[in-house]
Amino acid sequence: MNSIKDRLSSFQEELPDHCTLVAVSKTKPKEDLLEAYEAGQRHFGENKVQELCAKEESLPKDIKWHMIGHLQRNKVKYIAPFVHLIHGVDTLKLLREINKQGQKSEKQIACLLQVHVASEETKFGFDEGEIKELVTSNMLEELPYVQVVGLMGMATNTSDEKIVASEFRGLKNLYGWVQQNTNNRNLAVSTLSMGMSGDYLVALQEGSNMIRVGSAIFGARN
Ligand SMILES: *Cc1c(COP(=O)(O)O)cnc(C)c1O
């Protein structure tokens, strides 16, 4: 069970149908992505705009590219034309810039609002109150080129599964609240992105339907 292909196929077998696997290929060479592609993988995640653009240019066009890292406003324009989903939207200013670039590219750009669930200070994201305010205000209606399709979060980096589970559960509850409270605001909220190599099993138990897995597929990064 050593090749990328083998590791991918065990994921593909183990994952429930409703869950999308985003293969996080940051820092990995094109050849590794191609190996995953040839094994059937189509969703890939990157966290640096420059690397994402370079890979998009040289790899097959039916790949769905996910921007999973912190995104600076001045770089949205580079990924707007092709990005499939932006996971880490953490400010209203960023949403406005995505709207502007979506308009230029004449497409609606799908986004996930990042929620701050971990105890670490360094993790970006909105808090629960800000999410509730944003999705029930009319702010999103003023951004027609942005399509908020769900929430994304990262749990505390700890081996204590109870902490991780309770953070994911909090995020799942907020996701449920957002779904219920945005029914008539033409918001199609259907994606809950949580879980990485170290905690995806817990995330799946807590209701994730999109996991972002890097090292468990491609091996450790330098
Ligand atoms: C790097 C990264 C991942 C994948 O991490 P692994 O531990 O290698 O699975 C997932 N999500 C985000 C936001 C990342 O930056």
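Where does the ligand sit?

Reply: The ligand sits in the largest pocket. On a 1 Å grid over the protein atoms alone, a pocket is an open set of points with protein on both sides within 12 Å along at least five of seven lines; a molecule sits in it if more than half of its atoms lie within 2 Å of its grid points.

This is a predicted model, in which local features need pLDDT of at least 70, side-chain atom pairs count only at pLDDT 80 or more, and totals for chains, interfaces and linings use all residues. Residues are numbered from 1 along each chain as its sequence is written, and side-chain values use heavy atoms, with hydrogens and water left out.

Residues around the ligand (a heavy atom within 4 Å) include Val24, Ile68, Met152 and Arg221. By class, this shell has six nonpolar, three polar and three charged residues.

Polar contacts are pairs of N or O atoms within 3.5 Å. A side-chain N or O atom of Lys26 is 2.7 Å from a ligand oxygen. The protein buries 89% of the 390 Å² that the ligand exposes when taken alone (Shrake-Rupley method, 1.4 Å probe).

Note on methods:
A polar contact is a pair of N or O atoms within 3.5 Å; within protein, one must be able to donate a hydrogen and the other to accept it, and residues adjacent in sequence count only if both atoms are side-chain atoms. On a 1 Å grid over the protein atoms alone, a cavity is a set of points where a 1.4 Å probe fits but cannot get out, and a pocket is an open set with protein on both sides within 12 Å along at least five of seven lines; lining residues have an atom within 4 Å of a point. Ala, Val, Leu, Ile, Met, Phe, Trp, Tyr, Cys and Pro count as nonpolar, Asp, Glu, Lys and Arg as charged, and the others, Gly among them, as polar.
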